[in-house]
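User: I am new to this structure. Please show me how to read its features.

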Amino acid sequence: MRAFLYCRVAHDDSFALEHQRFLLQLYAKQAGYTIIDATDEYGSGLTLDRPVAGRVDAVLVHNLTRIGREWGMTQRYIDPLTRHKVKLLCIQDRLLFDENGAAPILTIKNAECPL
């Protein structure tokens with residue numbers, strides 16, 4: 001599976017950003033994903049200009065609030081992903097969003113979530 005790592009912090013906090021990336025890389029490695037690309041962003045999470053459909057099979061985020069704080073906007077990002085059969089894995093929340101909706105993740109490819 002090809003994975004895109006998305007890391008975001010609201011304020012300039014390089015330690016938190018590096019920590020997110022480390023945890024996502026660890027999870028991807030344990031789950032057997034190939035990391036295709038990654039993005040580190042500083043900002044409020046109020047924009048959705050994050051093109052990944054067609055390039056990857058899954059987007060890995062630390063938790064759902066990294067996508068956006070407001071559910072309606074977050075859902076507007078999740079819907080196109082799932083329509084294009086790109087999974088969204090929120091490792092801290094242990095949630096998987098795919099074309100079937102949301103489901104808890106306990107293990108992925110026999111790899112325990114590191115959180």
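User: Which residues does Asn63 touch, not counting residues up to four places away in sequence?

Analyst: Start with the term. Contact means heavy atoms within 4.5 Å. Here, Asn63 touches Cys90, Gln92 and Asp93, with residues up to four places away in sequence not counted. Bear in mind that this is a predicted model: local features need pLDDT of at least 70, side-chain atom pairs count only at pLDDT 80 or more, and totals for chains, interfaces and linings use all residues. Residues are numbered from 1 along each chain as its sequence is written, and side-chain values use heavy atoms, with hydrogens and water left out.

User: How confident is the predictor?

Analyst: Read pLDDT, the predictor's confidence in each residue, from 0 to 100. The protein has a mean pLDDT of 81, and 81% of its residues reach 70 or more. Over residues 109-115, pLDDT stays under 50. The model has 21 contacts beyond four places in sequence for that stretch.

User: Where does Asn63 lie?

Analyst: Helices (H or I, at least four residues) and strands (E, at least two) are DSSP runs, numbered from the N terminus. Asn63 is in the loop between strand E3 (58-61) and helix H2 (71-83). In total, the protein has 2 helices and 8 strands. Their order from the N terminus is β-α-β-β-α-β-β-β-β-β.

User: Is Asn63 buried or exposed?

Analyst: Buried means under 20% relative accessible area, exposed over 50%, and partly exposed in between (1.4 Å probe, protein chains only). Asn63 has a relative accessible area of 11%, so Asn63 is buried. Its contact partner Cys90 is at 0%, so Cys90 is buried. Across the protein, buried residues make up 42% of the 115 residues.

User: Which side chains make polar contacts with Asn63?

Analyst: A polar contact is a pair of N or O atoms within 3.5 Å; within protein, one must be able to donate a hydrogen and the other to accept it, and residues adjacent in sequence count only if both atoms are side-chain atoms. The Asn63 side chain has one of 2.8 Å with Gln92. Another, of 3.5 Å, joins Asn63 and His62.

User: How many disulfides are there?

Analyst: A disulfide is a pair of cysteine sulfur atoms within 2.5 Å. By this rule the count is 0.

User: What about Lys87?

Analyst: Lys87 sits in strand E4 (residues 87-90). With 27% relative accessibility, Lys87 is partly exposed. Lys87 and Phe97 are 10 residues apart in sequence, with their C-alpha atoms 5.7 Å apart. The residues that Lys87 touches include Met1, Val59 and Phe97.
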